[in-house]
Amino acid sequence: MELQLWKEILTPYDLAVEELTVKFNHIIKEYRQQGCYSPIEQVTGRVKSISSIIGKAQKKHIAMNEIEERVEDIAGIRLICQFVNDIYSVVELIRNRSDMKVKSEKDYITHMKESGYRSYHIIVMYSVETTTGTKEIPVEIQIRTLGMNFWAIIEHSLQYKYQGNIPSYVKERLTSASKAIITLDNEMESIHDDVIDAQNYYYIRANIVSDILGNIQNLYKCVNKKEIEKIQDEFYEIYQGGDISKLEQFNKQLDIVAESYRMQSMT
Ligand code: 0O2
């Protein structure tokens with residue numbers, strides 16, 4: 001196939017990866033803006049390289065004209081979670097979306113691959129609008145913990161280095177590393193609630209501080225310098241104290257002050 005033709009074929013896949021990366025990142029943002037823990041920690045996406053597509057087609061005896069239909073991971077999104085339970089929350093989130101249709105699922109966490117690979121894979125059908133019309137394409141979404149991702153990246157690079165024939169002594173190390181990551185994921189799961197509480201606390205506090213700073217900035221326009229300095233000093237003192245309820249209370253007071261200045265300016 002000519003290079004130009006490959007580029008045309010890959011354009012909608014590129015668009016799908018870009019759109020979905022934005023959408024999943026926005027989910028993280030929404031959770032955090034609400035002061036909530038996000039089950040998705042990181043999002044990455046890629047379009048498979050032409051040489052990888054050809055390599056996969058050859059390995060699976062797929063004819064060139066069947067590639068689009070039969071290679072389902074040309075567009076790939078990877079969602080990284082902190083905890084194993086988060087993976088299943090993300091799966092549920094994807095199942096409930098109206099802009100992607102789940103075609104198939106593979107749970108390599110419950111059913112770990114022989115290599116030691118663990119991850120949850122979902123193939124979704126996703127529609128993109130291109131200059132030549134609407135196109136529905138498959139996208140592979142891989143959902144894993146940070147630990148699972150670490151292992152998969154290392155193992156993947158070793159597959160390249162040894163071209164699929166990893167020596168047995170390296171395989172043994174990989175198997176034991178995979179077991180260690182299962183233990184690590186389980187250990188982390190046992191402090192799941194504590195970590196979520198801590199992270200919720202962090203984002204709630206960050207949101208309040210951002211509101212307070214916004215309010216103080218607005219007050220600059222109508223309050224004299226001395227008064228604004230007093231407000232700032234009070235804010236620094238409460239901030240250093242680290243009590244979230246005091247920050248909330250202070251923010252409410254600022255709202256009242258801002259409102260009274262707004263009323264005054266209207267009369
Ligand atoms: P790349 O370079 O990441 O795109 P298969 O028939 O098992 O070869 P299939 O049917 O396409 O693959 O689906 P599967 O098993 O769900 O695997 C799809 C992708 O999952 C792979 O794509 C890898 O990204 C990842 N994966 C699956 N098994 C392993 C594994 O043992 N180790 C690692 N590190 N990753 C794995 P590609 O095209 O193989 O690679």
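Trainee: Is His-121 buried or exposed?

Mentor: His-121 is buried, because its relative accessible area is 10% (buried means under 20%, exposed over 50%, partly exposed in between, with a 1.4 Å probe and protein chains only). The model is predicted, so local features need pLDDT of at least 70 and side-chain atom pairs pLDDT 80 or more, while totals for chains, interfaces and linings use all residues. Residues are numbered from 1 along each chain as its sequence is written, and side-chain values use heavy atoms, without hydrogens and water.

Trainee: Which side chain does His-121 contact?

Mentor: A polar contact is a pair of N or O atoms within 3.5 Å; within protein, one must be able to donate a hydrogen and the other to accept it, and sequence-adjacent residues count only if both atoms are side-chain atoms. Here the side chains of His-121 and Tyr-117 are joined by such a contact of 2.7 Å.

Trainee: How many residues surround the ligand?

Mentor: A residue is near a molecule if one of its heavy atoms lies within 4 Å of it. The ligand is surrounded by 17 residues, Lys-48, Lys-56, Tyr-108, Ser-115 and Glu-155 being the closest.

Trainee: Which polar side-chain atoms lie 2.8 Å from an oxygen atom of the ligand?

Mentor: One belongs to Tyr-108 and one to Ser-115. An N or O atom in the side chain of Lys-113 is also 2.8 Å from a ligand oxygen atom. Of the 730 Å² of accessible area that the ligand has on its own, the protein covers 76% (Shrake-Rupley method, 1.4 Å probe; for residues, only the protein chains shown count as cover).
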